[in-house]
Amino acid sequence: MPKKQPELGIKSPFRLRVGIDTDGWKGVNYESDPGAILDDEFQEALNVRILPNGKVVGRGGSSKAITEAMDGCGAGMHDDGEGLPTKGYIFKGWLAEASEHDDLYCFDPDASTSLEMPFTGNTYTDQIFAVTADGERFLFGSWSQALNALPIFTVTPRAIALLANSDDSASWIVPATLFSIPANADVRRYCGSIVKYNGRYFVGVGSNNSGSSATAYAVYHWDGVAASPTLEDSRSNIAQLPLLAIDHAGELIAGIRTHPDGGSHATVIRRRNTGTWSNVSLPVGITNFCCLGIAMFDGPLVQAATYLCGYTNDGSDKGVILKWADGALSTVVGPLSAGTVVKDICAWGNYLFYLHSNTSTGACMVGRSDGVTWTDSHKDLFAQFGAESSVTYGSIAVIRRVLRVLALDGVGGNGTIYSPTLLDTSGAWAETAQMDFAVHPGGSPFRGLVEM
Amino acid sequence: MAWILTDDQGNVYRRDIGSLKRTKLTLPAGVYQRVPYCRPDFVTLNGATLIVGQFNVPLVHTVDRKLWKAGIEPGSTAPTIDPGSGTGITGSVQAKLTFAEIALDGRVIAESNPTDASFTISLVDQGVAYSELPTSHPNARVNYKRLYESRDGDAFLFVANVALADDTYSHNTPTNELSATSEVSTRRAVPPYMNKITKTNGRVWGNDGTKSIRYTEIDELESWAAVNEQFTKDREGVTCLKGLFNELFIGTRVSIQQLTGFGLSDFNVEFIRRGLGVISHHGAVSISNSLWFPSQEGYYRYAGGSVDFLMENLRTYFREAYEADETTYQDIVAVVDHRRHYVIVLVPGSEEQARVARYYAAAFLPTETALGGEGRAPYWSRDTSTRYERTIAALTDGDLLDRWYSADCGGYARLMDVNGTTDDGTAYDMEIGLKHYFMGSQGGDDGHARTFEDLEMFVKSESSAWTLEAFVGDDGASSALTADYGPKVVPASAGTMGGRAQVPKTRHSFPEIHRSGHGITPWITCTSPNGFELRGLEIYFSNDGDGNRGRTAA
């Protein structure tokens, strides 16, 4: 082979711009001699990623997905979601405390303890009244005295999930949004309910203005930043908070009861149809109606309708359930005996369930209906669990596919969650031990039982 | 929805979506981890998850978020019936009962096979009274009995659910009110022991390592009738079982086969190839319309008729590695990342042998023509680990996004390939050895050497410093322990300077390299290579090399 001729100077450079001059890097080649592998292959490629655009980037690090270790070496991992997104839901029960304490509770039906999340350091709230799971967001509203704004808290489920599973439950809550309403230093503002309707939140706000002429209740549009009223009434001294719901026909309905100073109760049921509000007449025999719960039900024996529960008052409270269908209200349950109040109502499976109590006899019942037959005494919680005497804010909801009733167990007046144990829901029920708040001082009426 | 995790001490855990904690689940009575240890396999069907292999019996994690023995054993005693009060039934009546777990919303989660039929009773406008019904069952999940009756010798149709604690039941349901679609099934046998399962066409398929392939009723995870059985064509033991588009892929040590058909009448097992086998069930993954599976010399792809070898550039490496550690390679686990079009294959670590985990990683987009690729070989690289990682999985976290997770002997499940700061401080050193570039003839004498005057590397690395070395000489130069040039540390080239945004530096010159040899191998290393990109290189050389390997030119 001839000797090369001496040459000086830089010859033509070898140039390889992978992704520009060629298709991209082709990965590692351990099979061929280092000099025989292709220009765009590697002799070694450890902890790299070869991208479709021809680049090679470094492999990332790792991050703990669980903070509690397993006892041994990991053996198997499986995702049981079958490709169904959960949007961060953790399917726990959430409820709010509405007495002198102002905490939010999260309970897992399978866990041994509940999680209390106090509003540490928050001066805006005393009582939580409205609890709503919006799918993407979890919202709850409270009341405000001598403040011109209502605190409405919105927290993403994922943030709650992470925080609720940490040991640091005291600092999880952050007032995310202050819901501003017109100034009135003399009134107490209450957030009665929050509903998402037509892409906007509707917030029911009540007030206690002790005789002034200020707005007594209102329903506001709220886009998460600014609020504007859509429905107002100047009757004063509201007794219950505006309750909002979307009915079976996709309309927004509002159940409101006021009682003017020195006067009798007055009831307002409003429907929002095609963007405007209109009054709905109460059925014959219902002189006043305080709405405490609204549920839509589409059972196998009846057409879809919306049911409003609460009580009428003709001198004493008497529980009733009204059916809202075809543009009119009719009475399907009650009026029950004096002192009875239907606290809440919800649909589960082929039945409609409703919680009612009698403050004079101590009875606390779960009623059931298929839409045709109404059995008020379907399950007697009082008979099984004892002296329930003052269900201030009872709730009934389906959480993790099981009916749950939130009521007081009478022993110190503390809140407890009860659930049926068999398909025949009139049989023995179980008490959720983790949600027996016997240790909580002062008794804790709860409301706003919701799953998220 | 949750993750199901197991460890090698026989514990099972659930991790809720979004949670940072895990909950240890209680094993049912009589359940224990098999010896020797067997990697578990999982299938979720209609919300319940079957877990096989690791324990002495198959387990099921159901919507009640508890672990149970899979399947429900039938009762041994036929129900006792007598004429009862009421009216409405005329004719002969026989009864059977099953045991069941029924959710509170009415869904039957699992049901046993029926008992034998009761004695026949004859009724004349009467009711039926059941007595001495069983009130307990060894499987604690059972909460109901389900009663079935045959009227006048017809099929046994569902009558009622009776709570497990109740030992009597009476009814007078007329014959015409029994639903003809609720006939009792005798194909609900409990699942046998299996160490591999998969699902396709609404059924779950399983195998215990023998020639037998068992399968469920459609949409019934826990119903494994004894007659639901097929065998491998050559009666070899099954080493891999994976559901594909409309068929079941079956691997043995020496063959690959497929089962086609839609029911007992037309199920058929046939060969795809003989002389080519599968070494690991968990190492096989389905991508697009093909199945990638590990053989004794590397990965093959079965794509509905064609079989292609995917590891031409790693054939010897894989084969020798398998020969050196066959037990570990028969336990490799592969998962797919459909987002980034990557397959990653874990060679499990061993704490006992102080051997950390290793991986093969493949970018498969160029391979799969059904996904727009050109059918060429996948691009392989390898990963190293600092831990005894024992399993990996592609899981979601409340969304549809594929993420890789590993689980190690520290007991943690870890999200892999995290860019930026990781909360556990993990960093993996990247290493890229480019090929040995000859600038002249590699076969000549020293007169064919070149002098490398300048080396230009096109690298973008804004957050991590990196190091360049170069091996100069013939094609064996890069096997030297010490590089001929370098290491030269290149600082991260952040895109800001003096408060002004700058274009990141992507061209890095090494003009002082000035080494002579037949060729040159640039070698890059980087610790925590976040955002590192290798885009190319330029090599400037002159033909006046003096032929002395690695010597600085005069």
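Modeller: Let us begin with burial: a residue is buried under 20% relative accessible area, exposed over 50% and partly exposed in between, with a 1.4 Å probe and protein chains only. A:Cys291, at 4% relative accessibility, therefore counts as buried. This is a predicted model, in which local features need pLDDT of at least 70, side-chain atom pairs count only at pLDDT 80 or more, and totals for chains, interfaces and linings use all residues. Residues are numbered from 1 along each chain as its sequence is written, chains are lettered from A and ligands numbered from 1 in the order in which they are written, and side-chain values use heavy atoms, with hydrogens and water left out.

Biologist: How many disulfides does a search of the whole structure find over all chains?

Modeller: In general, a disulfide is a covalent bond between the sulfur atoms of two cysteines. The criterion here is a pair of cysteine sulfur atoms within 2.5 Å. The search finds one over all chains: A:Cys73 and B:Cys409, with sulfur atoms 2.1 Å apart. A:Cys73 lies in the loop between β5 (61–64) and β6 (74–79) of chain A, and B:Cys409 in the loop between β31 (403–408) and β32 (413–418) of chain B, so the pair joins two chains. Strands are DSSP runs (E, at least two residues), numbered from the N terminus. The torsion about the S-S bond is about 105°, so this disulfide is right-handed. Both A:Cys73 and B:Cys409 are buried.

Biologist: Which cysteine sulfur is closest to that of B:Cys38?

Modeller: That of B:Cys240, 14 Å away, which is too far for a bond. B:Cys38 is buried, with a relative accessible area of 18%.

Biologist: What does the side chain of A:Gln43 make a polar contact with?

Modeller: A polar contact is a pair of N or O atoms within 3.5 Å; within protein, one must be able to donate a hydrogen and the other to accept it, and residues adjacent in sequence count only if both atoms are side-chain atoms. The partner of A:Gln43 is the side chain of B:Ser478, at 2.7 Å. A:Gln43 is placed in strand β2 (residues 42–46) of chain A and counts as buried at 16% relative accessibility.

Biologist: In what order do the strands of the open sheet in chain B stand?

Modeller: Strands of a sheet pair through backbone hydrogen bonds, either parallel or antiparallel. Two strands pair if DSSP finds at least two bridges between them. The order of the four strands is β4-β5-β6-β7 in chain B, with antiparallel pairing. β4 (41–45) and β7 (67–69) of chain B each have a single partner strand, so one side of each is left without a neighbour in the sheet.
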